[in-house]
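Trainee: I have a model open and would like to learn how to read it. Could you take me through it feature by feature?

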Amino acid sequence: MKTKNIPEAHQDAFKTGFAEGFLKAQALTQKTNDSLRRTRLILFVLLLFGIYGLLKNPFLSVRFRTTTGLDSAVDPVQMKNVTFEHVKGVEEAKQELQEVVEFLKNPQKFTVLGGKLPKGILLVGPPGTGKTLLARAVAGEADVPFYYASGSEFDEMFVGVGASRIRNLFREAKANAPCVIFIDELDSVGGKRIESPMHPYSRQTINQLLAEMDGFKPNEGVIIIGATNFPEALDNALIRPGRFDMQVTVPRPDVRGRTEILKWYLNKIKFDQSVDPEIIARGTVGFSGAELENLVNQAALKAAVDGKEMVTMKELEFSKDKILMGPERRSVEIDNKNKTITAYHESGHAIIAYYTKDAMPINKATIMPRGPTLGHVSLLPENDRWNETRSQLLAQMDVSMGGRVAEELIFGTDHITTGASSDFDNATKIAKWMVTKFGMSEKLGVMTYSDTGKLSPETQSAIEQEIRILLKDSYERAKHILKTHAKEHKNLAEALLTYETLDAKEIQIVLEGKKLELR
Ligand SMILES: Nc1ncnc2c1ncn2[C@@H]1O[C@H](COP(=O)(O)OP(=O)(O)OP(=O)(O)O)[C@@H](O)[C@H]1O
């Protein structure tokens, strides 16, 4: 190093100073690099901990799972606490499933004798009739694990995800056999639908399900129970022998079943001894088990809101009407004139029902607005009617006519209202069926006429004429009864105006000319 402006004598001191300065600077850079490296290492370790934490966190891990779909969780539920005792009113279905329970209890013993059980059982029935409950009861009775999956879980936009979920489910189940796999809404995974942009991989999922079902032996002890409301929508391959080849129907309960279900759920709440579940059962034709459970629950809520200690028939009737017709519209102010018309209209229906031999017995009449109606009369069949006679059908038509006839007789033709339109719908529907479906018209004979639009103009006009005659005769019969019982009609309408709602006994008291006790 040669520095021009520095005297010769100072050259050495300058060199030494420069070298020392250089070495110090080197040491400083080294320190900075070391600390940078340390920081990087700490950050890296923190990152590793972070990723581990994310995977451990259940919420995030579920999210991770659903996005990849390759690791869906399949946790069995032990169902010992649900047994056939908990499922009411579906005796045939329970009997059919009994042998499946025996099989699950001891699969080997069953197959040693050469017995062959179906791998798949299809429970078919309307919503809320207890299909899921039955499947749980099968697992509970046999005390084996229960794997629940809903068909819609397998419906995936991404390739292979639905199929891989099915694979996981079966792998888990096979490892824990004997067990029950339950697939609810089977039609949403195994439906006949054509592949659409919304379900591009549906075929793949069905194929995986079929492969899994074919892939285990009958004595492995895995029973697959599928449930559907639409069996006709299922892919044919699914219902072939060796797959879902046993069908068990789970229908809506009949009157006995409904009584049993109501008793079962009533026993879980406090109810008055005067409650008669059979009366409620008779008035709830078509209700499913789930709807009956809801009815009892709503009655219990109503009793609590009203500050009662027990549920009585009043709350049960109230919740039945609420489910059937919508909530009461107490806030609606109906003027006196309309209230009077409604009272005479509803009493008209009730009088015809009371004095017509083949009409259903009356359960209740009310002028309390509910849903879209201003009042109604409810009738109770003694039993579920599987078949109806000609005179029962005519009686139903006559009861429907009673409302309009009452308006006409009391207020005059100029003051009839629009309130009878659904009554006429009902009467016309019955008359039409009598002529075109039930072979109950002499003129048109014992023949059915399904597509009336395609018939000759003469036949169409003959059908129309017959329907008109049936309706006219019905109107006249109703008129005759209301004229004959004008006094009872008036008494009943006045009682309704005073009390708003009358039950069967109270209606009878009024019609027998006795005085109602003040409530
Ligand atoms: N037959 C029955 N006996 C007792 N309770 C019933 C019955 N049917 C339904 N329930 C009640 O209704 C609830 C719902 O029924 P469940 O889920 O089993 O019906 P589902 O037929 O599987 O309906 P979905 O087709 O809508 O899946 C049950 O958990 C049970 O509380």
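Predicted model: local features only at pLDDT ≥ 70, side-chain atom pairs only at ≥ 80, totals over all residues.

Trainee: What is the strand order of the open sheet?

Mentor: The order is S8-S7-S9, an open sheet of 3 strands with antiparallel pairing. Strand S8 (376–379) and strand S9 (501–503) are the edge strands, each pairing on one side only. From one strand to the next, the twist averages 10 degrees.

Trainee: Now the ligand. Which residues are closest to the ligand, and how many surround it?

Mentor: The ligand is surrounded by 17 residues, with Lys88, Lys131, Thr132, Tyr265 and Glu293 the closest. By class, that shell has 6 nonpolar, 7 polar and 4 charged residues. Helix H5 (131–142), helix H9 (255–266) and helix H11 (289–305) each supply at least two residues of the shell.

Trainee: Why does the ligand lie between domain 1 and domain 2?

Mentor: Both domain 1 (84–249) and domain 2 (255–325) give residues to the shell, so the ligand lies between them.

Trainee: Which atom of the ligand is 2.6 Å from the side chain of tyrosine 265?

Mentor: A nitrogen atom of the ligand is 2.6 Å from an N or O atom in that tyrosine 265 side chain. An oxygen atom of the ligand is 2.5 Å from an N or O atom in the side chain of threonine 132. For threonine 129, a polar backbone atom is 3.2 Å from a ligand oxygen atom. On its own the ligand has 630 Å² of accessible area, and the protein covers 78% of it.

Terms used. Residues numbered from 1 in each chain as written. Heavy atoms only, no water. Near = heavy atom within 4 Å. Polar contact = N/O pair within 3.5 Å; in protein donor to acceptor, adjacent residues only side chain to side chain. Areas by Shrake-Rupley, 256 points an atom, 1.4 Å probe, with all protein chains shown as cover. Helix = DSSP H or I, 4+ residues; strand = E, 2+ residues; numbered from the N terminus. Nonpolar A, V, L, I, M, F, W, Y, C, P; charged D, E, K, R; others polar. Domains from an automatic or database assignment. Pairing = 2+ DSSP bridges. Axes fitted to C-alpha atoms, helices over the stretch in contact; angles between N-to-C directions.
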